[in-house]
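Please read this briefing with the sequence and the 3D structure side by side, and look up each residue as it comes along. The points below are grouped by topic, so that each group can be followed on the structure before the next one begins.

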Amino acid sequence: MNQDIYSKLTTFKEARKNRGRLLVNCPDQPGIVAAVSKFLFDHNANIIESSQYSTNPVGGTFFIRIEFECPGLQAKKEELKQEFSKIAEGFKMEWQLSLVSELKKIAIFVSKELHALRELLWEWQSGDMMAEIALVVSNHDDSREIIESLGIPYYYIPASRENRAEVEAQQLKLLEEYEVDTIVLARYMQILTPNFVAAHPFRIINIHHSFLPAFVGARPYDRAYQRGVKLIGATSHYVTNDLDEGPIIEQDIMRVDHRDGVEDLKKIGRSIERSVLARAVRWHLEDRIIVHGNKTIVF
């Protein structure tokens, strides 16, 4: 890994060694915030940031994200989890307690188009995307020089419909070997099998070069041009077995008109794709997303 990047990650982890995040969702009812706040207070934790949302105060679902500072957090992590599980049981909570200093390990999958990959690398190099890029996997060899210059392990694995099972078996083995938490499809133009998706539920983030649900699947810019759209966009979402229909994390758009041809739409679209994917990945890494059915709550 590049020494400058390594230094930034090390400094970040040290500065936040006592910083934790708590994500909760449960049936809405009185006393949730009071119970969670008291739990943190009892463990000498100071709340830094808190965001909450309820779908309906009567019979709805309650969501909360809390970032807190707690002395000696790394040593107390398992104790906190054990203690909080008692509260969670009483409120029927789904919850996640994570340490900010335990950076997620990500794998980036890419094909021939490199603009989304370059944006992620820039965010990472500049210190705006705090994670460990464990490896990059590509079914084309176009990105090798960029990746290897940064000291990131690079795997060129040609993929097609004919060898998909063999390729995915190799990829899954690499993900396990590198202990990957999150997979980012930075314009990786291969459809993943249900087996692959099931191995990493809501941990695969895709960028689709269309403002979903419009123009699902391949060649969306060509179809958008034929339809004469006045807005084009991009959508980042979690991957499920339904093509381009997973929970949406982030979207954005830009206005176009009749003067813009297919190549113009693609050029404008690439700019949108880069920023949309970068934001979605950053929010995931910062534990700002709770999946609820086929939707997301993003704090």
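Glutamate 94 lies in strand β4, which covers residues 94-99. The model shown here is a predicted one, and the values that follow are computed from it.

- With a relative accessible area of 54%, glutamate 94 counts as exposed, because the cut-off for that word is over 50%.
- Although glutamate 94 and cysteine 26 are 68 residues apart in sequence, their C-alpha atoms are 6.2 Å apart in space.
- When residues up to four places away in sequence are not counted, glutamate 94 touches Leu23, Val24 and Asn25.

**Helices α2 and α3**

- The axes of helix α2 (residues 32-42) and helix α3 (residues 73-91) come within 11 Å of each other and cross at roughly 170°.
- At that angle α2 is roughly antiparallel to α3, because angles over 145 degrees are counted in this way.
- The crossing in which α2 passes α3 is right-handed.
- On the side of α2 the contact is made by Ile32, Ala35, Val36 and Phe39, which meet Leu80, Glu83, Phe84, Ile87 and Phe91 in α3.
- Sorted by kind, the residues of this contact between α2 and α3 are eight nonpolar, no polar and one charged.

**Helix α4 and what covers it**

- Which residues of helix α4 (residues 115-125) are buried? They are His115, Ala116, Leu117, Leu120, Leu121, Glu123 and Trp124.
- The elements that cover these buried residues of α4 include the helices α1 (3-15), α5 (144-149) and α9 (262-285), together with the strands β5 (105-110), β6 (132-138) and β8 (182-185).
- Histidine 115 has its place in helix α4, and a relative accessible area of 10% makes histidine 115 buried, because the cut-off for buried is under 20%.
- Leaving aside neighbours within four places in sequence, histidine 115 is in contact with Arg187, Arg270, Glu273 and Arg274.
- Just after α4, the chain reaches glycine 127, which takes a positive phi of about 85°.

**How α4 meets α9**

- The axes of α4 and α9 come within 9 Å and cross at roughly 45°, and α4 and α9 are therefore oblique to each other.
- The crossing of α4 and α9 is right-handed.
- In this contact, His115, Ala116, Glu119, Leu120 and Glu123 of α4 meet Arg270, Glu273, Arg274, Leu277, Ala278, Val281 and Arg282 of α9.
- The residues of the contact of α4 with α9 divide into five nonpolar, one polar and six charged.

**Aromatic pairs**

- How many aromatic pairs does the structure hold? There are seven aromatic pairs in the structure.
- One of them joins phenylalanine 109 and tyrosine 188 in an edge-to-face arrangement, with 5.3 Å from centre to centre and 90° between the planes.
- Phenylalanine 109 lies in strand β5 and tyrosine 188 in the loop between β8 and α7 (194-199), so this pair ties together parts of the chain that are 79 residues apart in sequence.
- Phenylalanine 109 and tyrosine 188 are both buried.
- Phenylalanine 109 also forms an edge-to-face pair with phenylalanine 196, at 6.1 Å centre to centre and with 70° between the planes.
- This pair links distant parts of the chain, since phenylalanine 109 is in strand β5 and phenylalanine 196 is in helix α7, 87 residues apart.
- Phenylalanine 109 is buried, with a relative accessible area of 0%, and for phenylalanine 196, which is buried as well, the value is 0%.
- Elsewhere, ring pairs link Phe39, Phe84 and Trp95 into a cluster; Phe39 in α2 and Phe84 in α3 were named above among the residues of the contact between these helices.

**Glycine 246 in its loop**

- Glycine 246 lies in the loop between β10 (231-238) and β11 (248-255).
- Is glycine 246 buried or exposed? At 4% relative accessibility, glycine 246 counts as buried.
- The C-alpha atoms of glycine 246 and glycine 293 are separated by 9.7 Å, while the two residues are 47 residues apart along the chain.
- With neighbours within four places in sequence left aside, glycine 246 is in contact with His237, Tyr238, Thr240 and Asn294.

Conventions
Residues numbered from 1 in each chain as written. Predicted model: local features only at pLDDT ≥ 70, side-chain atom pairs only at ≥ 80, totals over all residues. Heavy atoms only, no water. Buried < 20%, exposed > 50% of the residue type's maximum accessible area, 1.4 Å probe, protein only. Helix = DSSP H or I, 4+ residues; strand = E, 2+ residues; numbered from the N terminus. Contact = heavy atoms within 4.5 Å. Axes fitted to C-alpha atoms, helices over the stretch in contact; angles between N-to-C directions. Parallel < 35°, antiparallel > 145°, perpendicular 65-115°, else oblique. Left-handed = near helix turned anticlockwise from the far one by under 90°. Nonpolar A, V, L, I, M, F, W, Y, C, P; charged D, E, K, R; others polar. Phe/Tyr/Trp six-rings, centres within 6.5 Å; stacked < 30°, edge-to-face > 60°.
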